[in-house]
Structures are given as structure tokens and as C-alpha cells.
Amino acid sequence: MAQALGVSVATVSRALSNSPSISAEMREKIQQYAQENNFTPNVLASRLRQTNVKHSKVIGVIVPEFVHYYFSTILSGIEEEASSHGYTLLVAQSNESYEREVEICQNFLENRVCGVIVSQAKNTVKYDHFRNLIEAGCPLVFYDRICTGINASRVVVDDYDGAFNAVSHLIETGCRRIAFLGSRPNMEITKNRYNGYADALLQAKIPIDNSLVINCDNGDMATELVPRLYHVGESAILSQTQQQQPPSPDAFFCINDETAVSVVHALKRLGLSIPKDVSVCGFANDNLSRSCDPLLTTVEQRGREVGRLATEILISSLDNPQVSQHPIKRIVRTKLIIRGTTKDNIQ
């Protein structure tokens, strides 16, 4: 908040406590901003900043959704590394909700966690709750979904390289109309994976067809989308008046394995053969990819290593406070796992 308003943390603290040392105009401005951005003063956090109390051995972790295999592997890596250094975890699920994320950060402060490891919710576009953690002296490390508006340490996989290699593989096996099924465009992982997708097409001199770039990041959306792309159902009836229908995709590059597996199921219900007629590639290498028929080609994200590195960075900043003043960025390399949903012959 202090950074957003261009004032000191002390000024914010005095305004929220109605101190007469702050002008009425400034108090009103700060209090109005706090109300609009769901900010509540945390007395305990303020006291912790002013004392030399040794930090606790509890790390707060925010997971967007427990059900995703990738996040569960990251959590395993966090727990293993934290445990080896004598730390325990306080884990919470944002359930992809900004409001819940704000609440969790406040709870973490109240429970005096020593630091926080977080992957932000899909709909998070305001970041004062993260700034509040930092201003309270609580180190912050992002993983997977990072916040570029916060100068904090982060650990991500090489989304660009993973996407570039996956789409290059699809092109090398003869695919030309490759659909990109991504997530919300405000998310860095979407941007980076799209850039990898686009550069692979451009390198192969294949024009980018924006009609094939679609916000579709879960199984339900994929199940609804695929028939439309193949002109099945109501959309096909409506398009019969058109002189020419756009060609359907001959491949799908999906932002996660859940979406990719649902694409496979939807294509099979349309009577299409995989990968003879259509190729499909996911991103994660989770359990779904190994239970799909055919087995899913996908990009291995190495979630356990992401969790381990994020925890290592956080603990290092706790042991050496000066480290937290210089955010650390780590990139984990990906690996393309070629299986049965893409052709194995190079065209």
C-alpha cells in the first residue's frame, strides 16, 4: 500500500490508526484506499517489524488447487526441503479466488509464519496483500504463477522452451494447423507458452491463425470446444449458409494435461484417430497423461524440483536477511515426453 500511494510504511500505519500527526486529507486518502483494496491493518505484523523476535519455523504455502497433480508434486518438494531444515508447513488453498488469497495472507501474518511460498490465483490482478507480507518483514517466494508487479524471488519452469519444443515436434511430424489452448492472458505462464508456440510456428514459416488461439484450460471447456472446431452440432448448422468453413486443427497444444486428455476423449467421440488424424500434446506429465489412451505426449515440468528450490530460496533469505533484499530467480528446465498422441515419424 505504501508503495502504491508513494508514502512511507510509517505514514500508512499512522493513518490507519487515526494518528493526529497525519493530515486529515492524507488519513482519508489512505483509509479510502485501504477500504477499496480490502486492506486491514495487522497489529501483530507491525509489532514484529519493530522487535527482534526470532522468526518461527513455520512456512506458509498457498496452492491454487490441491486437485492438480503438478501442484501436489510442488508441495511434496516444499515439504521435503522444509522438513530437512526443521521447518513445518501451514498450507492453504486459494481455490483460484483473489478474495480467498487476501484472506489467507492475512491469516498467515496473524499466525506469525516466517515466510510464504505462493502461486497466485488465476483472477488475481491486485497485489497489495503480497506487498503487505513483504512490508511486515515476511519473505515471499513465488512459484509457477508469478506476480511481475512484486519484486520478490521466484521459481518457474521454462515455459517458453517447453512450448517451443513441443510445437516444433508437432510441426516436424507434419502438423500445420496447430491449436493453442491456453489460460487467462494476464498470466505469465500463458504469455510465455504462447510465445514459445508462436515462435515455433514462425520459425517453420507457418502463419499464426488467431482463430486457433483459444482460452481453454480445463476439461469441461475442452469437451465443449472440440466439436465446434470440427463443425459438429449447432455451430455446424449455423455455418452451413457459409460458402466455406475454416479448416479444422490437425493438432492441439494444450496448457495442461487435464485439457489435453479431454481433447483426446472429445476427438475420439467424433470418430477421429489419434495421432493419425489429429495430434495432441499436453503440459505437466501428470498421472492423467499415463492413463490416457493413447498415452499422452506432454512436457515434464519437474514440480518437485520447483518446490525444493522455492523452499531453499526462502530458508536462505531467513538465515541471511540481506538475501531477501536481492530477489533470486530460478528457472527449471522442461523435457518433452513423446508418447502415443503424436506421430513418431518425422515428415
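**Exercise 1. The whole chain**

How much accessible surface does the protein chain have, and what share of it belongs to carbon and sulfur atoms? Describe the chain as a whole as well.

*Solution.* The model is a predicted one.
- Step 1: the accessible surface of the protein chain comes to about 16400 Å², and carbon and sulfur atoms account for 48% of it.
- Step 2: the chain contains 14 helices and twelve strands.
- Step 3: of its 347 residues, 50% are buried.
- Step 4: take the contacts between residues at least 6 apart in sequence; 72% of these join residues at least 24 apart.

**Exercise 2. A residue after β3**

Locate Gln-120 and decide: is Gln-120 buried or exposed?

*Solution.* 
- Step 1: Gln-120 sits in the loop between β3 and α7 (128-135).
- Step 2: buried means under 20% relative accessible area. The relative accessible area of Gln-120 is 3%, so Gln-120 is buried.
- Step 3: list its contacts, leaving out residues up to four places away in sequence. Gln-120 touches Pro-64, Glu-101, Tyr-127, Phe-130, Arg-145, Ile-146 and Cys-147.
- Step 4: take Glu-101 from that list. Glu-101 and Gln-120 are 19 residues apart in sequence, and their C-alpha atoms are 7.8 Å apart.

**Exercise 3. Helix α12**

Which of its residues are buried, and what covers them?

*Solution.* 
- Step 1: α12 covers residues 257-269, which is 13 residues, and spans 18 Å from first C-alpha to last, close to the expected 18 Å.
- Step 2: at its start, a side-chain oxygen of Asn-256 comes to within 3.4 Å of the backbone nitrogen of Glu-258.
- Step 3: the buried residues are Asp-257, Thr-259, Ala-260, Val-261, Ser-262, Val-263, Val-264, Ala-266 and Leu-267.
- Step 4: their cover includes the strands β6 (178-182), β8 (251-254), β9 (279-281) and β10 (298-300), and the helices α10 (219-229) and α13 (287-291).
- Step 5: just after α12, Gly-271 has a positive phi of about 85°.

Definitions and conventions: Residues numbered from 1 in each chain as written. Predicted model: local features only at pLDDT ≥ 70, side-chain atom pairs only at ≥ 80, totals over all residues. Heavy atoms only, no water. Helix = DSSP H or I, 4+ residues; strand = E, 2+ residues; numbered from the N terminus. Expected span 1.5 Å × (residues − 1). Buried < 20%, exposed > 50% of the residue type's maximum accessible area, 1.4 Å probe, protein only. Contact = heavy atoms within 4.5 Å. Polar contact = N/O pair within 3.5 Å; in protein donor to acceptor, adjacent residues only side chain to side chain. Areas by Shrake-Rupley, 256 points an atom, 1.4 Å probe, with all protein chains shown as cover.
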